[in-house]
Structures are given as structure tokens and as C-alpha cells.
Amino acid sequence: MHQTLLLLPGDGIGPEVTAEARRVAEVVAPDLKMEEGLVGGASIDAHGDPLTEETLERARQANAVLLGAVGGPKWVGSARDKRPEAGLLALRKGLDVFANLRPAFCFPALVEASSLKHDVVAGLDLMIVRELTGGVYFGQPRGIDETSGIRRGYDTSVYTHPEIERVAHVAFEIARGRQGRVCSVEKSNVMESGLFWRQEVTLAHAEMGAGVDLSHMYADACAMELVRAPKQFDVILAGNLFGDILSDEAAMLTGSIGMLPSASLGAPGTPGLYEPVHGSAPDIAGQGVANPCAAILSLEMALRWSLGREKAADMLFAAVGKALDQGARTKDLGGSLSTSEMADAIIAAL
Ligand code: ATP
Ligand code: MG
């Protein structure tokens with residue numbers, strides 16, 4: 001039975017980088033069946049809706065979904081549910097992907113690009129696992145109350161036992177394939193939901209954390225340690241809010257945004273959603289100069305985490321490193337290769 005990868009190129013540079021990821025997929029996984037669909041502004045233009053029910057159903061039926069990027073100036077100012085970004089949110093919700101994985105890896109050839117001292121980032125390889133569908137971004141009640149006495153705005157930070165358990169499980173699983181260390185991050189010194197997070201992660205570790213060394217850190221300390229000595233971390237596990245902040249911080253340790261992939265995983269056996277960390281980059285769209293590495297490395301994560309093709313993933317990761325070692329660089333990395341020439345260099349290295 002063939003595995004299916006659904007490509008959702010989206011907007012801006014999304015189609016440019018996704019097309020290169022597709023060419024690479026044809027080389028590393030020739031038997032993989034690839035389909036394409038519309039999401040974001042492209043889907044609004046075609047169907048008046050940033051994600052149609054039909055496309056969502058195709059995503060659910062696929063083994064993995066590779067998304068380019070959504071959004072652009074054309075759709076700014078549209079109603080909230082008619083914005084390209086609403087398509088991405090609907091896709092995440094529809095696939096129930098609750099664990100967001102963002103690696104921060106410093107390719108040896110790109111150590112120079114980091115804003116930190118070389119010895120701080122050389123050899124850096126960490127993974128942030130962020131809970132994506134709960135916490136303070138979704139907790140009820142929330143609102144702005146301007147009617148009574150003093151005006152106030154409020155959100156609720158809440159996590160349930162199942163929400164923490166399932167994302168902790170993902171972090172332990174990932175750590176077992178790496179150095180086996182998970183650092184769980186919260187603010188248990190000042191937040192009840194943080195104390196609960198620490199308790200639940202500790203319980204989950206006792207039940208399913210065999211072979212994993214678990215430690216805990218306050219989020220503010222973690223933010224500091226990430227720039228002071230990021231190599232101390234293997235896997236960082238965090239809730240939605242702290243994971244959001246820390247993953248952006250970690251991203252900047254490694255140089256260009258054009259290099260950074262991400263994965264969002266749901267329950268075992270359900271399709272994962274893979275996408276570059278970068279957006280649609282309207283400022284360079286249509287010029288053929290976007291760095292395709294983030295999309296290609298997102299494919300690498302799909303091969304590893306949803307398609308069970310670890311060997312192909314290892315080969316692809318090594319090929320990206322080799323192409324960089326040989327000097328292949330797009331503009332954002334200080335070079336002059338076009339989007340497709342960069343992919344050519346990676347394919348040649350394969
Ligand atoms: P969005 O709201 O979609 O995230 P944004 O403008 O906030 O858009 P990006 O689209 O990621 O963020 O762009 C930020 C900057 O990084 C832009 O200057 C863009 O040109 C650059 N950039 C983003 N992706 C790439 C890439 N793959 N290759 C080269 N440069 C990129
Ligand atoms: Mg942005």
C-alpha cells in the first residue's frame with residue numbers, strides 16, 4: 001500500500017519552496033504518492049475559504065501533510081475567518097496536532113551565521129516540544145470587561161491531565177531517539193497551572209519515561225540558559241505560551257530563518273503536519289531566491305516522524321549538511337544560488 005504525502009504549497013514563497021521539497025521527495029522516497037491541495041490565500045481566491053472541508057478530509061486521509069506558508073498583503077484586513085492564517089489554524093485543529101516540534105540545529109558550515117559566539121553554538125542540536133492546543137491561548141474564561149468599575153482583561157491558564165500526559169509522552173519518545181534527556185519548563189514557583197504541569201510531567205515520567213532523564217527548569221531561567229549555554233539541552237518540553245517564546249528564541253541561535261523546519265504531531269497513527277518556521281515572505285516571493293532548506297528539512301521530519309522512513313531521513317539530513325559544506329548558499333546565507341539551484345545541490349549530495 002502506497003503512503004501519501006499531501007502538499008499544501010499555500011502563498012508567497014510557499015509554492016516555490018514546496019516544489020523543491022517535492023523534487024527532493026521524488027529522489028529520497030520515489031514510491032511515495034504525492035498529492036497537492038490549496039490552503040490559505042490560494043484557497044480563498046479559488047473557493048472563498050482558507051481551508052475547504054474537502055482539503056481537510058484529504059489531509060486526514062494522508063500519511064503526512066507538508067505545508068509551504070500562508071498569508072500575504074493581498075488578504076490583510078479580511079474578516080478573521082477569511083484570512084489565510086485561519087486556514088492553518090483550522091488545519092491544526094482538524095488534524096488535532098497537539099505537539100509542536102521545533103529543532104534548533106546548527107549545521108557546522110553555518111556556525112558563522114549565528115549571532116552567538118561560535119563555541120556556544122558549534123554542535124548545537126536541541127529539540128523543543130511545545131504543547132500546541134491548550135494552555136492560556138485557549139483557556140476559558142477569557143475576555144475584556146469594560147462594564148464594571150475598573151476595566152480589566154483576562155485569560156485562563158489551564159491544563160488537564162490528558163493534555164500534559166500526551167505531550168510528555170511525545171517528548172519522552174523523541175528523547176529516546178536522541179540523548180535521552182528532557183527538560184520540562186514552567187513557572188511552578190508562581191503559577192498553579194505550572195505546579196500542576198510539573199507534577200503531571202513527573203507522574204508521566206514515572207509511568208512512561210523509561211530510559212529518559214527528566215529535569216525541570218523555570219521558563220525565565222530557561223530563556224537565559226538558551227543564550228548562555230544552549231548545548232546543555234537535548235529536548236525541552238513546554239506548554240503553549242512558554243514553548244512559543246522559547247522556540248522563537250532557540251530559532252535565532254542557529255542563523256537563518258530559511259533553515260528551520262517544524263513538525264506538529266497528533267495521536268500515533270494520525271498524519272503529522274510539517275512546515276517551515278518561516279512565513280510567506282512576500283518581500284522575496286516570485287524571485288526564485290528563497291531558501292528551500294526549511295521546507296526540505298520539514299520533509300526530512302515527515303519522513304522520520306510520520307512515514308517511518310528513518311534511513312531516508314538520515315540520508316536527506318546528511319545531504320543538506322554536505323551541500324552546505326560544499327559551499328551551497330542561497331542569498332539569505334550570503335550566497336547567490338537560486339531556490340532550485342540550492343535543491344539541485346542537495347539532490348546532488350544525495
Ligand atoms: P508571516 O506573517 O507569514 O510569518 P513574516 O513577514 O512575519 O510573515 P517571514 O515571511 O518568515 O515572516 O519573513 C521574515 C523575513 O525573513 C523576510 O525578510 C523574508 O524575506 C525572510 N525569509 C523568510 N523565509 C525565507 C526563506 N525561506 N529564504 C530566505 N529568506 C526568507
Ligand atoms: Mg511572522
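Helix H10 (residues 293–305) lies across strand E1 (4–10), strand E3 (64–69), strand E11 (261–265) and strand E12 (272–276). H10 runs at about 160° to E12. Helices (H or I, at least four residues) and strands (E, at least two) are DSSP runs, numbered from the N terminus. Axes are lines fitted to C-alpha atoms, for helices over the stretch in contact, and angles run from 0 to 180 degrees between N-to-C directions. Two residues are in contact if their C-beta atoms, placed from the backbone, lie within 7 Å.

This is a predicted model, in which local features need pLDDT of at least 70, side-chain atom pairs count only at pLDDT 80 or more, and totals for chains, interfaces and linings use all residues. Residues are numbered from 1 along each chain as its sequence is written, while chains are lettered from A and ligands numbered from 1 in the order in which they are written.

**The sheet**

- Ten strands form an open sheet with mixed pairing, in the order E2-E1-E3-E12-E11-E4-E5-E10-E8-E9.
- Strand E2 (33–36) and strand E9 (213–218) are the edge strands, and each pairs on one side only.
- From one strand to the next, the twist averages 25°.
- Two strands pair if DSSP finds at least two bridges between them.
- Strands of a sheet pair through backbone hydrogen bonds, either parallel or antiparallel.
- Strand E8 (residues 181–186) and strand E10 (residues 235–238) are a parallel pair with four bridges.
- In that pair, Val 182 stands opposite Val 235 in E10.
- Helix H8 (residues 219–228) lies across E8, E9 and E10, at about 100° to E9.

**Strand E11**

- E11 is mostly covered, with five of its five residues buried.
- A residue is buried if 20 or more other C-beta atoms lie within 10 Å of its own, exposed if 12 or fewer, and partly exposed in between; C-beta atoms are placed from the backbone.
- In a regular strand the side chains alternate between the two faces of the sheet.
- On one side of E11, Pro 261, Ala 263 and Leu 265 are buried; on the other, Ser 262 and Ser 264 are buried.
- Strand E4 (residues 99–105) pairs with E11 in the antiparallel sense over three bridges.
- Ala 99 has Leu 265 in E11 as its bridge partner.
- E11 and E12 also run antiparallel, joined by four bridges.
- Pro 261 has Pro 276 in E12 as its bridge partner.
- E11 and E12 form a hairpin with six residues between them.
- Gly 269, in the turn, has a positive phi of about 90°.

**UniProt annotations**

- UniProt positions are given in the numbering used here, feature names are shortened, and annotations may be inferred rather than shown by experiment.
- An unreviewed UniProt entry places "domain: Isopropylmalate dehydrogenase-like" at residues 4–346.
- That span is 41% helix and 18% strand, and its end C-alpha atoms lie 23 Å apart.
- One "binding site" feature in UniProt (unreviewed entry) is at Arg 92, Arg 102, Arg 130 and Asp 220.
- These span 129 residues in sequence, and the farthest two C-alpha atoms are 27.9 Å apart, so they do not all gather at one spot.
- The UniProt annotation "binding site" (unreviewed entry) also covers Asp 220, Asp 244 and Asp 248.
- These span 29 residues in sequence, yet no two of their C-alpha atoms are more than 14.2 Å apart, so they gather at one spot.

**Annotated residues in helices**

- Arg 92 lies in helix H4 (residues 84–95).
- Arg 92 is partly exposed, because 18 other C-beta atoms lie within 10 Å.
- Not counting residues up to four places away in sequence, Arg 92 touches Val 97, Leu 132, Ser 264 and Leu 273.
- Asp 220 is in H8, and Asp 248 lies in helix H9 (residues 240–251).
- Asp 220 is partly exposed, with 13 other C-beta atoms within 10 Å.
- Asp 248 also counts as partly exposed, with 13 C-beta neighbours inside 10 Å.

**Around ligand 1**

- Of the 16 residues around ligand 1, Gly 258, His 278, Gly 279, Ala 281 and Asn 291 come nearest.
- A residue is near a molecule or strand if its C-beta atom, placed from the backbone, lies within 6 Å of it.
- The shell around ligand 1 has eight nonpolar, six polar and two charged residues.
- Ala, Val, Leu, Ile, Met, Phe, Trp, Tyr, Cys and Pro count as nonpolar, Asp, Glu, Lys and Arg as charged, and the others, Gly among them, as polar.
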